[in-house]
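Please look through the sequence and the 3D structure shown below, and keep them at hand while reading the report that follows.

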Amino acid sequence: NVSMRYIYKTFYLMLLGCIMVSCSDNEKPINKSEKKITIKMVTHGQATDPFWSVVSNGAKDAAKDLGISFHYQSPQSFDMVTMSQMIDAVVATEPDGLILSVPDIPALRKSIVSASKKNIPIIVINSGSEIMEEVDILTYVGQSEYEAGMKAGEEMLKTGAKNVLCINHEIGNISLDQREQGFRKILIKNNVDVKTVPIDASDPSETREVVRAFLSSNKGVDGIMALGPLGAIPIVSLLKDIDPQKKISMATFDFTPEIIDGIMDGHIVFALDQQQYLQGYLPIVLMDLYITNKNTPAYKKLETGPSIINIENAQDVLALSKKGSR
């Protein structure tokens with residue numbers, strides 16, 4: 001399979017070629033500035049979250065392909081105070097472009113407005129698309145989390161589950177809240193009971209024990225929906241011990257090689273894929289084109305998902321996932 005980054009690189013080069021060909025003999029195409037472009041990205045991704053390493057890989061690959069100076073950073077844990085401080089520090093360096101995830105708009109609003117007032121172009125990824133109602137951003141690259149939640153609910157209904165546990169690994173993250181809201185809407189509409197348990201994503205052992213205790217006192221649970229891999233991976237390990245007959249239908253948003261392995265051995269029924277590599281790669285390309293050629297996306301939302309990964313297609317993405325590009 002051809003890596004998505006080469007597809008977009010080819011598209012980018014073809015676009016530049018078209019620009020050059022369209023210029024008349026007396027005109028010169030717009031050239032890149034002699035100064036090397038610097039783009040900085042700040043996300044809420046926890047250092048232990050494998051999802052965000054793929055986002056970072058996509059951005060780094062795009063920057064390498066395009067010859068851009070790129071810097072990525074995130075808090076060690078889900079910490080909006082630290083993240084806002086990181087954004088403020090980045091804004092003070094006056095980068096050519098800024099790429100942000102916005103999981104908590106009230107907590108990050110001041111920092112984002114500050115960047116906008118300094119005329120730093122902004123692209124939002126993964127979460128917080130609603131910020132565009134307050135701040136001028138080039139585009140949002142990600143998925144509609146509420147609709148993804150409804151898609152997850154529809155898929156869970158197919159398993160026949162009637163008593164579902166939802167695992168939230170980042171309380172306060174607007175994206176996870178929207179996923180859960182969409183998920184609940186579909187299931188409750190179809191008379192499925194849904195309960196939510198918050199976990200501490202930094203401690204997989206604690207996650208296993210919290211869920212073990214819940215399942216022990218709620219014997220009727222026949223479905224589990226994790227809102228992300230940090231909740232899913234420890235629970236898959238738990239289910240291998242307490243549910244060898246796979247009576248509980250486990251599913252998750254997003255995936256890692258461990259999640260794919262879980263799908264292939266039957267402990268996970270499906271995962272929702274928002275193609276996080278694109279959430280890293282595409283903003284770099286779009287920002288570069290804006291800075292060098294004043295191209296602006298026609299759509300304010302470029303959706304990268306969701307799609308479903310299940311036993312039918314898991315093998316196809318496993319090798320790419322282990323390489324860090326899916």
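## Aromatic pairs

Both F51 and W52 are buried, a word that here means under 20% relative accessible area, with exposed meaning over 50% and partly exposed in between, as found with a 1.4 Å probe and the protein chains only. Rings of Phe, Tyr and Trp (its six-membered ring) are paired if their centres lie within 6.5 Å, and planes under 30 degrees apart count as stacked, over 60 as edge-to-face and the rest as tilted. By this rule there are two aromatic pairs. F51 and W52 form an edge-to-face pair, with 5.3 Å from centre to centre and 75° between the planes.

In the pair of Y277 and Y281, the ring centres are 6.0 Å apart and the planes stand at 25°, so this pair is stacked. Y277 and Y281 are separated by about one helical turn, because they are four residues apart in helix 10. Y277 and Y281 are both buried.

## The model and the chain as a whole

This is a predicted model, in which local features need pLDDT of at least 70 and side-chain atom pairs count only at pLDDT 80 or more, while totals for chains, interfaces and linings use all residues. Residues are numbered from 1 along each chain as its sequence is written, and side-chain values use heavy atoms, with hydrogens and water left out.

The chain has 11 helices and 12 strands, where helices (H or I, at least four residues) and strands (E, at least two) are DSSP runs numbered from the N terminus. Of its 326 residues, 52% count as buried. The chain exposes about 14,800 Å², of which carbon and sulfur atoms supply 51%; accessible areas come from the Shrake-Rupley method with a 1.4 Å probe, and for residues only the protein chains shown count as cover. Among the contacts (heavy atoms within 4.5 Å) with a separation of 6 or more, 75% are between residues 24 or more positions apart.

## The largest cavity

Rolling a probe the size of a water molecule over the atoms shows where empty space is left. On a 1 Å grid over the protein atoms alone, a cavity is a set of points where a 1.4 Å probe fits but cannot get out, whereas a pocket is an open set with protein on both sides within 12 Å along at least five of seven lines, and lining residues have an atom within 4 Å of a point. Grid points are joined across faces, edges and corners, and a volume is the space filled by probe spheres set on the points.

There is one cavity of 30 Å³ or more. The largest cavity holds about 130 Å³ of space, and of the 18 residues that line it, H44, W52, L176, R179 and D254 are the closest to its centre. Helix 2 (50-66) and helix 6 (174-189) are the elements that give two or more residues to this lining, and helix 6 supplies the largest share, three residues.

## Two residues and their contacts

S127 lies in the loop between strand 4 (122-125) and strand 5 (140-143), and it counts as buried because its relative accessibility is 1%. Leaving aside neighbours within four places in sequence, S127 is in contact with H44, S101, V102, P103, Y140 and S175.

L286 lies in helix 10 (residues 276-293). With neighbours within four places in sequence again left aside, L286 is in contact with I123, T139, V141, P297 and L302. L286 and P297 are 11 residues apart in sequence and 7.6 Å apart in space, C-alpha to C-alpha.
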